[in-house]
Amino acid sequence: MTKKDILLIGIIPPPINGQTIAFQALANEMNVSILTLSGKRNENIGNRLIKAIIYFRLLFRLITKLIFKNHVVYHTLSQSKGGFMRDFPIVLMAKFLGSKIIVHIHGGNYDGFYEVQTPFFQKQIRKMLNLTNSIIVLSENMKRMFDFEPKLRTKIKVIPNGLPWHVEEKKTKNKVLPTDKNTAMKILFLSNLIESKGYLDVLESIEILVNKLGQNVKADFCGEFIYYDDALKFKNTSDAKGYFFDFISENRILQNIEYQGIIENKIKQKLLKEAHFFILPTQYINEGQPISIIEAMAYHCVVLTTNYRGISEMIKDNESGIFVEFNNPNSIVQQIHHLIQNPSEYNRISNNSYQNFQANFTKERHLKTLIHEIESHLEKKNVIDFHSDTAVEFDEKYHESAPFQERYAIWTTLLNKYIKPGMKVLDAGCGSGIFSIYLARKKCIVVGIDGSKTMIELCNENQILSNSTVTFIQDCLPFENLNNYAKQDLIICSSVLEYIIDIERVIRQFTELLNPNGLVIISMPNKDSWYRKMEKYIFKVTGKPAYYQFIQNIVSEEEFSKRLNQYGFELQEVIYYPNTTLFSRLLKVIGISEKNTNTMFVGVYKLH
């Protein structure tokens, strides 16, 4: 895969918000394919129809792009039920067609969104997230949004936001507060005017500064008035807007406040250059890591904001910014008044604000990290990397996939037949640990090994959830050092040896690890299956199934049993499973034997 095989899916302005601005910056930076969704807020019937047409056209274009060629698909996720209904088909389609999917969540309320859904929708949300290859969040504390599904922890990457444009250092300068009372101290509110964003706190703090403390203040409010579900004071946008202008008039601060509305970038930069304080006392339900704070730091503004969500990791209180309380205008006034009385402290925080931006939130740093994460999925993987990428999805199949459930039923039936409490068992290629944990529950002493660090991490997660005891070790087949392992009574090896080049060496090692009369239970892809005979041609044409690129061995049961017999193993029984395709099921209906219809076999072998 090359850089041309990257596909970005998201919303570009309008509307103007952190997510759309960030996606626009990424799209401008990467010379790759882009599919855009509609983000218009107007929900009348005509606009809903237009959005639906845009969406289904996007799905059609997505299918046509992915059906013959795998891509790395980057998609920005929503935190609403309607957004989930939009996102799930995109993720499902990308994964079904064999592509990798990276999702980016710009907000900090995914757990809140999840909690209010019905059990059915919660299950679908978990299913969607488990299909992804990588989940990007904005801060370390936002990882907790996905505590409802511990298996996702290995997928979560933290990439902080960055400035959407480049700022030349010579165009910014350190700021000092005006000493001349005829020169106004300038305050900037730069965000959509949503009640929970705290713009009313800023408004009331300005009234106190002007009318009670006699300060010369000039404040600019920039953004669109928007009604959101977490509003408490107003019932609609019209009420909010009316109150804003009535408050200004009634408190005689018309000369101190200017509502700028939605502004162009040049005007924004001018206001940022002029502002002494940037204030965003937000408690917005979907808040993540506001880009407007980064914009303010880039222009040496002293930032007054709340210790909330991703903001907590953006600034250090009284060092590179100041935390104030939501719904408490007096806390804003107190901090500003303190800095007016201590101008050197203002200068220090102003300088630290800019240094913090330069160290952590530049456009170059953000995009370099984000693009590296996207492009890392382009690299041709070895078999261990492939299974690391699909670890959670693999584990989930035991709960969602009929063929995997059949595999589990067959394997556990065999295990129940041959194991006894206290037996020492080695699970060679344990995957997510499902059989290791089953054996531990049956009172066996179990060691599970896998080459994938991600799989071992998932094993340990599953072990905690199951309250069982297994020793999980990251190691590969063939073993480098057999002395690391005790003698075993049973070795199980489920769908592993097909990926091993030196299969003979592994079989020899199994004989050395087993006690006399020890058992091995091994599954392999069935060469006698008519589907297996076609699989390589299907892969050549479509590139699917993706795992096929790593397959080294496909054998018949007779051929495999004969090979093991040369090392002293005698076949005890064999089972063919499962019917994984419509084609194989049809063959079975017309009387073709399981040996020719089923794609896998599992054999039990005893060492003599």
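Reader: Which residues line the second largest cavity?

Author: This is a predicted model, in which local features need pLDDT of at least 70 and side-chain atom pairs count only at pLDDT 80 or more, while totals for chains, interfaces and linings use all residues. Residues are numbered from 1 along each chain as its sequence is written, and side-chain values use heavy atoms, with hydrogens and water left out. A cavity is a set of points, on a 1 Å grid over the protein atoms alone, where a 1.4 Å probe fits but cannot get out, and its lining residues have an atom within 4 Å of a point. By that criterion the lining of the second largest cavity consists of Ala 22, Ala 25, Gly 162, Leu 163, Pro 164, His 366 and Leu 367.

Reader: What is the volume of the largest cavity?

Author: The whole structure holds two cavities of 30 Å³ or more. Among the 13 residues lining the largest cavity, Glu 195, Ile 226, Tyr 227, Phe 234 and Ala 240 are the closest to its centre. With grid points joined across faces, edges and corners, and volume taken as the space filled by probe spheres set on the points, the largest cavity comes to about 70 Å³.

Reader: Leaving aside neighbours within four places in sequence, which residues is Tyr 199 in contact with?

Author: Contact means heavy atoms within 4.5 Å. With those sequence neighbours left aside, the partners of Tyr 199 are Phe 189, Leu 193, Ile 194, Phe 221, Phe 225, Phe 234, Ala 240 and Phe 244.

Definitions and conventions:
On a 1 Å grid over the protein atoms alone, a cavity is a set of points where a 1.4 Å probe fits but cannot get out, and a pocket is an open set with protein on both sides within 12 Å along at least five of seven lines; lining residues have an atom within 4 Å of a point.
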